[in-house]
Amino acid sequence: FRHGEASEVVVPTPNGDIYFGELHPIVVVAGPCSVENEAMIVETAKRVKAAGAQFLRGGAYKPRTSPYAFQGYGESALDLLAAAREATGLGIVTELMDAADLSAVARVADIIQIGARNMHNFSLLKKVGAQDKPVLLKRGMSATIDEWLMAAEYILASGNPNVILCERGIRTFDGKYARNTLDLSVLPVLRSLTHLPIMIDPSHGTGRSEYVPSMAMAAIAAGTDALMIEVHPNPAKALSDGPQSLTPDKFDRLVQEMSILGKVV
Ligand code: PEP
Ligand code: MN
């Protein structure tokens, strides 16, 4: 069981240092599943910044279930994230899938995301543990809490103390109405087990944009430190995860609702 104080993860961004942790306001990470082109990523960045987000998310390397599905635009998408960072000052969160891309991803990312499918990739965890950028570790879709915490331990043991845990829904027996089951019980459970900051991703957690606002509010009520929300300027045309993406207008409304709870940055 946990010993001691909540740790904080401090992430320098062009807009200043952002603090993740139990003792700080809720940090909001928002943006599309995939980086599609410069106009859409820069526009989305401006909109989510105006709404109140501190970080822009967007995938350059996408871990798709089918090898025939869109795989992300790779390095050229990293350049577009750099342009969006330059335009808005938002910090960048983007996924690393292959250790070969670590230096390219670390050049633009303020936080390196390890996706659900790579939570058990121990060699990748050791590599992000042996570099300086903070790491967002998503829960494997069938990972137990202990397996998830041990995956975090791989990063910590390799020398990087800056790990944020992200619940993104676990595999469900009933995928008819929601893509996954968002396990909000991790909030009190992880609080008792770890000092690390906790993020909730209701977008992948439900797979449906109409369910995202209530789950985001529930996560705040349960004490989350941060939220990850997928936002796309035209969800119907998105190259990945359109059905779970909020429009910028809906995201703006959600942040306003969240602020009523009084803890959003
Ligand atoms: C994502 O964040 O777009 C993503 C692929 O997430 P996950 O690894 O949780 O499926
Ligand atoms: Mn996605």
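Where is the place of Leu-246? Leu-246 sits in the loop that runs between strand 10 (226-230) and helix 9 (248-260); helices (H or I, at least four residues) and strands (E, at least two) are DSSP runs, numbered from the N terminus. The model is predicted, with local features needing pLDDT of at least 70 and side-chain atom pairs counting only at pLDDT 80 or more, while totals for chains, interfaces and linings use all residues. Residues are numbered from 1 along each chain as its sequence is written, and chains are lettered from A and ligands numbered from 1 in the order in which they are written.

Leu-246 counts as buried because it has 24 C-beta neighbours inside 10 Å (buried: 20 or more other C-beta atoms within 10 Å of its own, these atoms being placed from the backbone). Beyond its neighbours within four places in sequence, its contacts include Ile-229, Glu-230, Phe-251 and Leu-254 (contact: C-beta atoms, placed from the backbone, within 7 Å). Asp-17 is 229 residues from Leu-246 in sequence and 27 Å from it in space, C-alpha to C-alpha.

Elsewhere, helix 4 (residues 122-129) packs against helix 5 (residues 145-157) at an angle of about 40 degrees, and their axes are 7 Å apart. Axes here are lines fitted to C-alpha atoms over the stretch in contact, with angles from 0 to 180 degrees between N-to-C directions. In helix 4, Phe-122, Leu-125, Lys-126, Val-128 and Gly-129 meet Ala-151, Tyr-154, Ile-155, Leu-156 and Ala-157 of helix 5.

How values were computed:
Contact = placed C-beta atoms within 7 Å. Buried ≥ 20, exposed ≤ 12 C-beta atoms within 10 Å, placed from the backbone.
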